[in-house]
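Student: I have a new structure open and would like to learn how to read it. Could you walk me through some features, one at a time?

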Amino acid sequence: MLFLVLPATLILVFTASIGLYIGEYHRSKVQTERQLQQLIDTVEQTAVVAAYSHNEQIAVDVLKGLLANDKVYKAEIKSRGSFALSQVKRDFSNSENRVLRLLYSPFGDEQLVGQLEVQWPDRINKAAAEQRVISNIIISISLIGITAMVILLLIHHYIVQPLSLASNTLHEIKAGEAASVPILKRNRHDELGRFISDTNNLLTALEHEFDIEHQLRIEIESIEQQLRHAYNASSAGLFLLSEKGMLLGHNLTLPLILHLQDKLLSNTCVLAGFFRKQCEFEALFAKALKSGQLESQDFQLLEQESNEPVWVHCLMSKVVGTEGNILVEGVLFDVSKRVSAEQAIKYEVMHDALTGTLRKAAAQSLFKKHIMLDTKSKGACFLMLDLDGFKLVNDTYGHLAGDKVLKVVAGRLLNCVRTADVVCRLGGDEFLVILFGDYPESFKFAMAEKIIHSIQQPMVINDQLMVNIGVSIGIANFDGSGDSSFDDLLEEADETMYKVKRSGKNGYAFRGENNVLKIEHISLLC
């Protein structure tokens, strides 16, 4: 506070001194001019005679009389003629400070006979102003110093000393101790006394609150022990992640769910590294941070020693830590049995129970996903297959033999196509193969011939039975730009397939240029 008041006081004194100096300078200048006017009044008549009569001796006496004054440094008498006489002190240079008196005829006819001019240096006015300013500054500083000392003594007596006593007392009080700050007699009825009294009331209230808080802390510690036991005994894995995905804490169940019975989780590890699809876990983590809502998803852990897939259900939500930092808390449940059951149900829905190939609905779904991909290669080729000679095998050797044939056919079809392609059983002895991609007709025809040759190979039903069958194939092309639907392509392939059936079986048919149907027959192998 003193460091602010002292510069401010100095600036104020300096500003006031400048103003005072300017005022005193002008006042001294006016006063000097007035004094010199009075001086000229005393010698005016003599100067008039000297100017009128051109008497040099009288003029010299007048000038010497004027220069005898301490403030006059130059005096000059001029007449209307050529008469002019002046006297100057040694250390004087021309100045703008001058008093000019016109001299008129001594006979009262108002005739101008000359002029009398007196000059004085500016330093006289400056010196007078400086002297007055210095004396005023000394008086002001003395008064300010005396006032400041009195104020400091009063402040120390009535404020600083009581506050120091209160501060020292408060500093020595320890938490939980019953204590109060003494009030000096001279401060009992002033603002400082009321402040200390209010402080004592506050100390009493804080002491009471401290006792309550101590009891609550004991109860909270008991509850924390119970919650910690429940936290570690939970069947779910609980964890806490930093904003960057680093593991900050977890319960004892989490390593068990992650199948790390003999390992410890480091508080600096990345939890996403324990999952088979780490990117999906990181995506869920980012989603929870962005939405601020509870997010959940199933994840498969990395392959275990038992080679049995382990699935967990993960819940994550964003929370704000005690220090304002962003955290993510989460829960892991082992849902391997549930996921395994769901996958089994899904597999049964999507696959034919006898052959293991896809059902029609599953093939249609994959086709729709393919044409919705944001790629240039959206073409596809539908190969509709109907077995030749299957009914004879089924009627002759029974349904078990027929089922064996269908299984062998499904296996051979899967071996002919790529894993990205589709093999689907439509029902009975009808199959559908979908080749995804834009390929030349030569590739599609080669694939059809490959399938036909594969199906024509002898099939071993049992140790005593081997059968041969053939296959008719209808081909429908989709270039990715048309409006043909899955059912439209299936119908077109079915029609061309029956053209093969009616024309001798064991071959494939397709529509070439100008929609002309072409049929190729493949000889049945012996």
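This is a predicted model: local features need pLDDT of at least 70, side-chain atom pairs count only at pLDDT 80 or more; totals for chains, interfaces and linings use all residues.

**Reading the features**

Student: Where does H54 lie, and what is its phi?

Tutor: First the general idea: most residues other than glycine have a negative phi. H54 has a positive phi, near 55°, and is not a glycine. It lies in the loop between α1 (2–53) and α2 (56–67).

Student: What about N506: is it buried or exposed?

Tutor: N506 counts as buried because its relative accessibility is 13%, under the 20% cut-off. It is not a glycine either, yet its phi is positive, about 50°. You will find N506 in the loop between α12 and β16 (507–511).

Student: Now the strands, please. Which strands pair with β4?

Tutor: A general point to start: in a regular strand the side chains alternate between the two faces of the sheet. Here, β1 (residues 74–79) pairs with β4 in the antiparallel sense, over six bridges. Strand β3 (residues 98–104) is also antiparallel to β4, and that pairing has seven bridges. To trace them on screen, look for E76 with its bridge partner E117 in β4, and for Y104, whose partner in β4 is L112.

Student: How many residues of β4 are buried?

Tutor: Six of the eight residues in β4 (residues 112–119) are buried, so this strand is largely enclosed by the rest of the structure.

Student: How do I describe two helices that pack together?

Tutor: Two packed helices are described by the angle between their axes and the distance between the axes. Take α8 (residues 360–372) and α12 (residues 486–502): they pack at about 115°, and their axes are 10 Å apart. On the α8 side, K360, A363, Q364 and F367 make the contact, meeting F486, D487, L489 and L490 of α12. Sorted by type, the residues of this contact are five nonpolar, one polar and two charged.

Student: Last topic: how many disulfides are there?

Tutor: In general, a disulfide is a covalent bond between the sulfur atoms of two cysteines. A search of the whole structure finds zero of them. C381, for instance, is in no disulfide, and the nearest cysteine sulfur, in C416, is 14 Å away.

Note on methods:
Residues are numbered from 1 along each chain as its sequence is written. Side-chain values use heavy atoms; hydrogens and water are left out. Buried means under 20% relative accessible area, exposed over 50%, partly exposed in between (1.4 Å probe, protein chains only). Helices (H or I, at least four residues) and strands (E, at least two) are DSSP runs, numbered from the N terminus. Two strands pair if DSSP finds at least two bridges between them. Axes are lines fitted to C-alpha atoms, for helices over the stretch in contact, and angles run from 0 to 180 degrees between N-to-C directions. Contact means heavy atoms within 4.5 Å. Ala, Val, Leu, Ile, Met, Phe, Trp, Tyr, Cys and Pro count as nonpolar, Asp, Glu, Lys and Arg as charged, and the others, Gly among them, as polar. A disulfide is a pair of cysteine sulfur atoms within 2.5 Å.
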